[in-house]
Amino acid sequence: MHTPGPHVPASSRRTHAEFDALSSGISDRLNWLRAGVLGANDGIVSTAGLVLGVAGATSSHAALLTAGIAGLVSGALSMAAGEYVSVSTQRDTEQAAVALERTELDELPAQELEELTRLLEQKGMSHDVAHQAAREMTRHNALAAHSEIELGIKLGAYTNPLQAALASALAFAIGALVPLLSVLLVPLAHAVPITALAVTVALSVTGMVSARLGQAPVVAATIRNVVGGILAMGVTYAIGRLVGGQLPG
C-alpha cells in the first residue's frame, strides 16, 4: 500500500527556477568570499616580504613603516586596477555573446529552437520533453533561456567591475595590515620574529578558509600556504641582508 508523504504547504515549495536562483546566489557569494580570502593572502605575503626585505637591509623604523605603507597602497591599487580590467573584459565578452545570440534568435528562430532542444536533451531529457520545454522557454524569454543554457550567462547579472576592484583592493589592504601592524606595534629589535609569527598565523587562517571554501584537504592546503609564505619572507629577508651589507655605512 502506498503511504503518502508529508504534506508540504504550497507557500514553502520551491520551483526549479527558485532552486537555480538560490544555488546561483550561493555560488556567487562563495566566489566573492574565495576571491576576498585570496586577495587578503596576497596582501599578507607581498607586504610581509617587502617589510622583511627592508628589515634585512636596515634597522630604521621609519624605513620599515614607509615600505609597509607603500606596499599596502601600491599593492591594493594594483589589485584594483587588475581586477577592474579583468572583470571589464569579461563583462564586455559576455555582453557581446548575448548580443550575438539576440541577433541569431531574430534571424534564425527555428534553428535556435532546435539548438535549445539539443542542449536540453544533453541534460537528460527525452526529445519530446526537451522540444516541449524549449518551446515553452522560447515563448517565455528566448534570450534568457539561450543565454543561461547555451552560454552559461545569467541575463543582466553581469559582474560590476568597479565593485570587483574595490573588493579586491579592500581584501588586499586587510591582509597587508597584518605585517604592517606587526612592525608598528612592537619594538624594532623584535619586529622581524613577531612579524614572521603574525604572518604565519594569518596564513594558517587564510589557508584553512580557502580550503574549506574550495572543499580541499585543509591540512595540506594550509601547509602549502604557510610554507609558501615563509619561503617568500625568508628569501626577501636574505636578499635584504645581502643588499644591505653592500650599502655604504
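In what order do the elements of the protein run from the N terminus on? They run α-α-α-α-α-α-α. The protein has 7 helices and 0 strands; both are DSSP runs numbered from the N terminus, helices being H or I with at least four residues and strands E with at least two.

This is a predicted model, in which local features need pLDDT of at least 70, side-chain atom pairs count only at pLDDT 80 or more, and totals for chains, interfaces and linings use all residues. Residues are numbered from 1 along each chain as its sequence is written, and side-chain values use heavy atoms, without hydrogens and water.

Of the 249 residues, 32% count as buried (under 20% relative accessible area; exposed is over 50%, partly exposed in between, with a 1.4 Å probe and protein chains only). Among contacts with a separation of 6 or more, 70% join residues 24 or more positions apart. A contact means heavy atoms within 4.5 Å.

Now take helix α6, residues 191-214. Its 24 residues should span 34 Å at 1.5 Å a residue, and the end C-alpha atoms are 34 Å apart, so the two agree. The expected span is 1.5 Å times one less than the number of residues. Buried residues in α6 include Ala191, Thr195, Val199, Ala202 and Thr206. An α-helix has 3.6 residues a turn, so residues three or four places apart point the same way.

Val205 also lies in α6. At 43% relative accessibility, Val205 counts as partly exposed. After α6 comes Gln215, with a positive phi near 55°.
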